[in-house]
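Subject: Structure for your review

Dear colleague,

Please find below the structure that I am handing over to you.

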Amino acid sequence: MKSANPSLGHDLFVSKDGDEQLLFVDAPEDSDDHQSPQTKEPWQVLVVDDDRDVHQITRLTLRAFSFEGRSLELHSVYSGHDARQLLSEKHNFAVVLLDVVMESDDAGLQVVNFIRNELKDHNIRIIIRTGQPGLAPADKVYLEYDINDYIAKTELTANKLSWAVLGALRSYRDIVAAQQLQKQLHQAEQETHAAQAASKAKSQFLAHMSHEIRTPLNGVIGMLELLSQTELDEEQGYLTGIIDKSAHSLLNVVNDILDFKKIEAGKLALDKISFSPADMIDDARATFYAALHNNKQTLNTNIAPDIPELLEGDEIRIKQILINLIGNAIKFTPENGLISVDLGGYPEPLQGQFFLELTVSDTGIGITEEQKQNLFSPFSQADTSTTREFGGTGLGLDISRQLAEMMGGGIQLKSVVGEGSTFIVSLRVGLKQEDIAGDTSKHASANQSTQELNVLVAEDDPTNQKVIRAMLNRLGHQSLIVDTGALVEGALQKQAFDVVMMDYHMPEMDGIEATKLLRSKPEYKDLPVVALTAATSTEERDNCLDAGMNDFLSKPYTLDALSKVLVKAVNK
């Protein structure tokens with residue numbers, strides 16, 4: 001039965017065995033937000049007991065309970081059977097207040113096993129409340145059943161009940177928060193793996209597209225160069241120049257996109273090799289011979305007398321910056337205009353470096369102050385009409401800026417609309433520590449023409465076979481072409497060759513595998529092997545060197561580049 005004494009402010013709880021205990025209804029002091037408005041979804045609590053008075057008193061005791069701004073929503077069932085049925089249907093209970101002795105002496109304990117073993121729910125906090133502890137002793141229940149608290153009804157007060165529920169809810173909250181955090185971490189890990197896989201797939205796709213575009217471009221540009229050295233009338237020369245310009249424009253687009261993605265991914269590494277600043281300027285100038293001729297433009301170059309004959313750095317990337325700036329100057333300078341390239345700088349002996357300053361100026365259309373703001377941003381040009389009139393990806397200047405910054409420098413711009421622009425590139429390169437005279441003589445020999453060479457070429461593309469055969473013939477060399485790396489060793493056994501040029505990608509056996517096979521044979525240990533590759537990645541370059549190749553030649557290549565790589569190979 002239930003009675004109340006308002007003056008004492010408590011309810012009287014009557015247990016099954018007839019003992020009476022006071023159940024105080026004052027809420028615990030640390031439930032500090034119990035007066036706040038309940039705006040959040042309430043905590044779900046299941047009360048399982050066959051005594052209806054217990055349900056009524058529990059509701060009365062917990063009526064004002066609140067935890068973290070959330071009240072309690074109590075659900076009442078009167079048997080273990082009904083509890084199992086409700087738990088099967090409703091899965092968001094935070095706490096179960098569970099009697100032990102109901103339709104059977106262990107009905108409540110069966111519910112515990114049902115929750116933990118059948119539902120596999122280890123989140124719900126289970127509080128045992130029993131009026132007959134002798135049938136289910138606390139030490140036995142704690143040891144044999146996965147419960148979270150045990151309270152004898154004979155010792156239960158309002159405070160004890162509220163504190164037990166409060167502790168259970170805190171535990172439930174922490175478990176759910178940990179699971180959500182684990183889920184978020186797992187999701188983040190999956191998203192990271194997915195992003196990495198997408199990035200890898202994108203890189204592989206770009207590398208594949210680079211190879212697929214560069215391979216036919218090598219045929220176009222190579223044959224055009226050979227054609228341009230034949231006797232052409234004025235119209236033929238004009239048409240050939242347009243084709244050559246278009247081919248190089250396409251090549252520049254491919255290069256810009258690949259370089260931009262490498263820099264963006266942090267995968268672009270700088271080389272440190274010996275190079276001649278004078279030769280670098282000459283190579284860049286030679287690149288624009290046809291464009292300068294067609295536009296009737298003049299390109300003047302000046303190298304300060306104190307520039308060392310040899311420096312150490314990434315010649316390819318420095319030349320790329322120079323070519324980007326010269327290309328822009330040609331593009332935005334009208335016919336009969338003047339373009340100047342000046343190379344200066346000074347040594348920094350304490351750091352073993354040389355501060356190099358490249359200046360490219362033109363008498364072109366100039367750039368407004370407003371246009372300067374975004375000029376070095378990716379995919380940006382002076383304005384949209386610039387893209388329509390002059391073409392380009394808008395990546396060249398951004399790539400040049402980032403390359404210069406990677407080399408410890410940067411790019412400055414001075415421009416006057418209608419008068420022209422000046423780009424000043426500063427970067428740091430290494431000073432040669434060896435004897436300059438010795439290096440100079442070696443360098444000079446690398447620019448001299450070689451004797452007639454017998455060159456073995458492994459190349460599977462029919463057009464590129466014709467290109468390299470014609471180029472080698474133009475340079476005065478003999479050649480034999482095979483279309484797979486598997487035939488290289490057999491060809492070497494039949495006759496002697498001075499150099500082997502090996503395409504990177506070939507069917508049956510690629511250039512890497514074929515080179516490793518050659519290097520495993522003592523008789524081919526010192527034979528120069530040069531890679532022919534349509535890819536530009538540092539990883540592919542490293543693969544070539546690790547396999548035992550001496551050098552590599554990137555497609556599309558020119559007669560001059562082919563000649564230099566051959567000279568370098570045989571003079572090592």
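An axis, as the word is used here, is a line fitted to C-alpha atoms, for helices over the stretch in contact, and angles run from 0 to 180 degrees between N-to-C directions. Please note that this is a predicted model. Two helix pairs are described below.

The first topic is helix 2 with helix 3. The axes of helix 2 (residues 80-89) and helix 3 (residues 107-118) cross at roughly 20 degrees and come within 9 Å. Angles under 35 degrees count as roughly parallel, and helix 2 and helix 3 are therefore roughly parallel to each other. The crossing of helix 2 past helix 3 is right-handed. Helix 2 contributes Gly80, Ala83, Arg84, Leu87 and Ser88 to the contact, while helix 3 contributes Ala107, Gln110, Val111, Phe114 and Ile115. Sorted by class, the residues of this contact are 6 nonpolar, 3 polar and 1 charged.

The next topic is helix 7 with helix 9. Here the axes of helix 7 (residues 277-287) and helix 9 (residues 315-331) come within 10 Å, crossing at roughly 45 degrees. Helix 7 and helix 9 are therefore oblique to each other. Helix 7 also passes helix 9 in a right-handed crossing. On the side of helix 7, the contact is made by Met280, Ile281, Asp283, Ala284 and Thr287; on the side of helix 9, by Glu315, Ile318, Lys319, Leu322, Ile323 and Ile326. This contact of helix 7 with helix 9 comprises 7 nonpolar, 1 polar and 3 charged residues.

With kind regards

Methods. Residues are numbered from 1 along each chain as its sequence is written. This is a predicted model: local features need pLDDT of at least 70, side-chain atom pairs count only at pLDDT 80 or more; totals for chains, interfaces and linings use all residues. Side-chain values use heavy atoms; hydrogens and water are left out. Helices (H or I, at least four residues) and strands (E, at least two) are DSSP runs, numbered from the N terminus. Angles under 35 degrees count as roughly parallel, over 145 as roughly antiparallel, 65 to 115 as roughly perpendicular and the rest as oblique. A crossing is left-handed if the near helix is turned anticlockwise from the far one by less than a right angle, and right-handed if clockwise. Contact means heavy atoms within 4.5 Å. Ala, Val, Leu, Ile, Met, Phe, Trp, Tyr, Cys and Pro count as nonpolar, Asp, Glu, Lys and Arg as charged, and the others, Gly among them, as polar.
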